[in-house]
Structures are given as structure tokens and as C-alpha cells.
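Hi,

Here is the structure I promised to pass on.

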Amino acid sequence: MLAYYIITCGISIVLTLIYVLIWHKHFDVHFTLIFSFIPISNLGFLIIAVSQNIQEAIVANDMVYLGGCFLNLFIMMCILDRCNMELPRVLRVAFFMITFVIYASVLTSGRLPYYYTSLHLEFKGGITLLVKEYGFLHTVFYFMVAIYFAISIGALIYSFLKKKDVSNKVVLLMAIPQGISVIAYFGSKLFPATLNPLPASFVFAQFFFLLIVRGMCLYDVTETHLDSLNEAGESGFLSFNFKYRYLGCNDAARKFFPELKEFKVDTPAADYPFLEEQAMNRIHSFEENPENNTSFYSRDGHTYIFDVDYLYDGTKKRGYRIFVTDDTKNQEYIALINRFNSALKEEVDEKTEHIREIHNKMILSMATLVESRDNSTGGHIKRTSECVRILVDEMMKKNKLHLTKEFRKAIIKAAPLHDLGKIAVDDAILRKPGRFEPWEFEEMKKHAAEGGRIVHQVLEGTDDEYFRKIAENVANYHHERWDGSGYPEGLQGLAIPLEARIMAIADVYDALVSKRVYKESMSFEQADKIIMEGMGKHFDQRLEPYYVAARPRLEAYYRSLDE
């Protein structure tokens, strides 16, 4: 009997460790709480079984009820979340307070008669039993468990029968541990024995929850795609797993193709003619040659671009996704342009080039104006722009990152705008002749996000959307760090746009080797040491070989400035 409690406690700890290893940011917080509380409860059962006095048993019983009280609430919240149902905030708070009050009454065991009227120990079968006489609050606990169970089962049944955006497989997996836990709990009360079934039921619940969280990100369609595209509503997407089962789509896709509203998730795509013809054919073509990922589809006077790629869960490929963009306006524009004669085209090109020249001068003037306010960064934008040019040139020699000429042109043009947000920083801070106080540095840090906002507003509506995005990313994210310790958003790794990662190296390098009012210029050797130590922490490790290759040109450029 003692071995039973040891084994169930050990297994619950192992299952929790597995959950930690596969944890993903998209996991519901209630799943994390469940996997945290179950080992504590099972450890409580084990301690009761080996208790030598009533005080030890009461403390262990408090550990048991930490799970006994809150697990039912957390399981209910997980079920509602998986069924895409939201509990009103008032009810969420009320249920938590009720659960907390019940657990608080458990903590009074041995001192107040509200939950237990009496407690004593018995020794049977080689283990210790905590024998209890129940008070009125224990009856309230029964009602609380019954309410949570009823809400959970009701949500599961409704989702199974009515909701098309919920996987029936997930519904069944959620129902099994809920049913086992409740049956085990009330069974332990009706048929008390030395072998309490609750620890085993908790272990079974953990196992099923692991199955659920393993695949839950596939059904969180919005989370597995770019949120900005989803919110903008200009691009639709559809998702499929490697078994060609339909996982879902966003609102934009349903707007483009209304029949998607009737499609049931987790259903083979072959069951629906539209998916078979328009999705599966494109996926099979992509499987044969990943370069065959883009195609057009015309319908009801609209032209759509279909773009196929893998569906990722973190860094793992879990299926396929198809982006759908309404390209009708672009196609109409192209057709219109094709009808212009060559003379008109030359005139348009000439005027466009003139506008771009004015635009470029305006951008550079804005950046220069901002720099003139900062007495510590004279010439900084010119130097960093040249640093960016040198780095990108080295990157394009072998071009393992597949950079385009358009990217090179855009990032060099955007580099002068990286500190544009300083226009919103108070002069007293910006022009301070020395190091910043902590609060001053916090104010200065705001320039990154402010720069992104200003660039977005200034360039919004221009015909060069690609450049606008590059410039906005450079201004907004050039102080982000590879390890996630940067600002303004604390982005980490590949979540930081490539153009911002390149800008970060150029910005820091110039700050190190240039003289400032609060420091002398640093030697190239010292600066190089700091940059190299920052690879993999501050900077993208993949950019290290390009920086190393660019270093002689960088040093030559800075030496030329001193001549």
C-alpha cells in the first residue's frame, strides 16, 4: 500500500517534468497550475501514509486539499478555454473566492470544527490513515465540486454537438480525466479504504492532459499564424496537419470563401471538394517542390494569391498553412499599367523618380534634425549608415541568408532613421553631458518605440510599403537583444527582424569606437572584443562571420574619418 502512494507520487512528478520540457507559450496557464498542484497533492497523500503524529497528517492533508479544492476549478477553466467559451469575469472571481474560502477552512483543521469536527490517526495495512468527522463546510465542498463538474460536462457536450470550431478529439480527451477524477473522489468517500483512488486518478488526468497540450497549438489557429495579418483582415489562412486534416482558418478566409464556415475542424480535407481542389492540389505541388508555393485563383471577379508553407509549432513542422491574399486591386493595377503607352510610362517614371528624390531628402533631413539635438551623437547617423552598408555587402557576397538587392537598398536607406524617436525625448535628458540616471535612461529607452511609431506615421500611405516596414523595424527594434533582455518589447532570437539585428551591431560598434561627451573613443581591439562577447547574447550569432569579414573595412572607414 505504501508503494502505491510512492509510485503515484513519483509518476506525477515525472509527468510534470515532461510538461515542463514541452511547455509552449500558447499553453493555457490553468494547465500549468494543474501540473504544479497534482504532485503536491500526491506528495500529501504519501506523507499522510507515513505520518507518525496528527500534526504531520494535518499538514499533509492541507497539501492534498490544495489540489482537491483548486484542481476542479482549473480543470473547468481549461475545458471552457478548449471549447472556446468564456466565463464572465464576475463568475471567475466568484468561483475563485468560493474555492479559496473552502481551502481556508481546510487549513483550520484541528483547530476549528467547520470543515472537520474531529481528526485522529489509525494504523492499518502498514500505513497511517487520517480518520475524519466532517463539518458543514465539507458539504459545501461537495456542492462546489458538483457545480464545477456540471459546468464542465455541459460545455463538453455542447461543444461536441454544436461547435464546429472545436475538435471532437479534444472534447473527448478533456472529458476522460474530468470523469475519472470526479468518480475517484466520490468513490473514495463512499467506499473508504487504505488504498485511496485519488492519487491514481490524478496521474491518469496528467497523462490525458499531456496528450491534449501536445496538440493544442494546432487548434489555436490564430496563435499559430501572424497576429497582425489576422487582425488586419487582409490575409486569410487555412491550416492542415500532415494527415491532410483541416485544422481551421481565420475570419478573413471565411470572408473570401463563405463555404469554410460549414467545414468541421479535424475532418479530412478530401471530404470537402473545395479543399480537395484548391488546397490539397497546392499542398501536393509544394511537397514535390517547395518553390512551387505561390499560385493564383480567380473567383467572382476577384483574384487571390495562394501561398503554401509549413505550419510551425515553435521550430517544429506540424503541418501546412496556406495564406490567401485578395490581389484583385494589384491585378487590376497591373492591367491598367500595361495599357499605358511607352511615352506615358516614361513620364510617370520620371515624375516618380523625382518624388522619391524629394522623399529621400526629406527623410535624411528629419534624421539630421534629430541628431542636431543630441550633443553626444554628432555624425552618428552617417557613420552607422556606412557600417550597415559594409555589413550588408559582406552578407550578400555568399548570401546564405538569401538577401535581395531590394533589402540592401531599403536597410541602407532606413539606417539614418533608427534614432528618429529621440525627437520625443526631453532636451534636458537628450543633451545631458554625462551618463544617465536610471529614471533618465528609462525615458531615453522610450525613443525606440516612439521612433517606430513616427516612422509608421510619416511613411504610411507611401507606395514603398516594403521600405516602410524595414524602416519601422529598424527604428523600433534596434535595441532588442538576441537573449530577450533588450527593449522596447523584449523580443528574443528570430522574433527580432533581421534588419534590426544588423542595425544593432552597427549602432553598438559606432558607440564603442566613437568619442562621446561622457567617454573617450575605444580602440578597435576593445570594441571588437565586446562585440564578439555579445554574439549569441546581445547579437545574432549567425551574423558573426559577416561582422568578422567586415571588420577590416569598418576599421579602415573609421581611420579615414580621423585623417
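This is a predicted model: local features need pLDDT of at least 70, side-chain atom pairs count only at pLDDT 80 or more; totals for chains, interfaces and linings use all residues.

Residues are numbered from 1 along each chain as its sequence is written, and side-chain values use heavy atoms, with hydrogens and water left out.

The structure holds 21 salt bridges. One of them joins Arg453 to Glu450, with the closest N and O atoms 2.3 Å apart. These two residues sit about one helical turn from each other, because they are three residues apart in helix H16 (residues 438–459). Helices here are DSSP runs of H or I with at least four residues, strands are runs of E with at least two, and both are numbered from the N terminus. Arg453 counts as partly exposed, at 39% relative accessibility, and Glu450 is also partly exposed, at 21%.

Arg501 and Asp540 make another salt bridge through their side chains (2.6 Å, N to O). This pair links distant parts of the chain, 39 residues apart: Arg501 is in helix H18, while Asp540 is in the loop between helix H19 (524–534) and helix H20 (544–562). Arg501 counts as buried because its relative accessibility is 8%, and Asp540 does so at 2%. There is also a network, in which salt bridges that share partners join Asp393, Glu394, Lys397, Arg408 and Arg553.

**Cavities**

How many cavities of 30 Å³ or more are there? The count comes to five. The rule works on a 1 Å grid over the protein atoms alone: a cavity is a set of points where a 1.4 Å probe fits but cannot get out, and lining residues have an atom within 4 Å of a point. Grid points are joined across faces, edges and corners, and a volume is the space filled by probe spheres set on the points.

The largest cavity has a volume of about 140 Å³. It is lined by 16 residues, and the closest to its centre are Gly68, Asn72, Ser181, Leu198 and Phe202. Helices H2 (29–49), H3 (54–82), H5 (136–162), H6 (168–190) and H7 (198–219) each supply at least two residues of that lining. By class, the lining of the largest cavity has 12 nonpolar, four polar and no charged residues. In that tally Ala, Val, Leu, Ile, Met, Phe, Trp, Tyr, Cys and Pro count as nonpolar, Asp, Glu, Lys and Arg as charged, and the others, Gly among them, as polar.

**Backbone details**

Which peptide bond is cis, with omega near 15 degrees? That is the bond from Tyr487 to Pro488. Pro488 lies in the loop between helix H17 (465–477) and helix H18 (498–513). Leu491 lies in the loop between H17 and H18 as well, and counts as buried because its relative accessibility is 18%. Leu491 is 12 residues from His479 in sequence and 9.8 Å away in space, C-alpha to C-alpha.

Tyr244 has a phi near 60 degrees, a positive value in a residue other than glycine. You will find Tyr244 in the loop between strand S3 (235–241) and strand S4 (245–249), partly exposed with a relative accessible area of 27%. Asp266 also has a positive phi, near 70 degrees. Asp266 is in the loop between helix H9 (251–256) and strand S5 (267–268), and is buried, with a relative accessible area of 15%.

In helix H9 there is also Asp251, which counts as exposed at 59% relative accessibility. The C-alpha atoms of Asp251 and Lys261 are separated by 9.2 Å, with the two residues 10 apart along the chain.

Terms used
On a 1 Å grid over the protein atoms alone, a cavity is a set of points where a 1.4 Å probe fits but cannot get out, and a pocket is an open set with protein on both sides within 12 Å along at least five of seven lines; lining residues have an atom within 4 Å of a point. Buried means under 20% relative accessible area, exposed over 50%, partly exposed in between (1.4 Å probe, protein chains only). A salt bridge is a side-chain nitrogen of Lys or Arg within 4 Å of a carboxyl oxygen of Asp or Glu.
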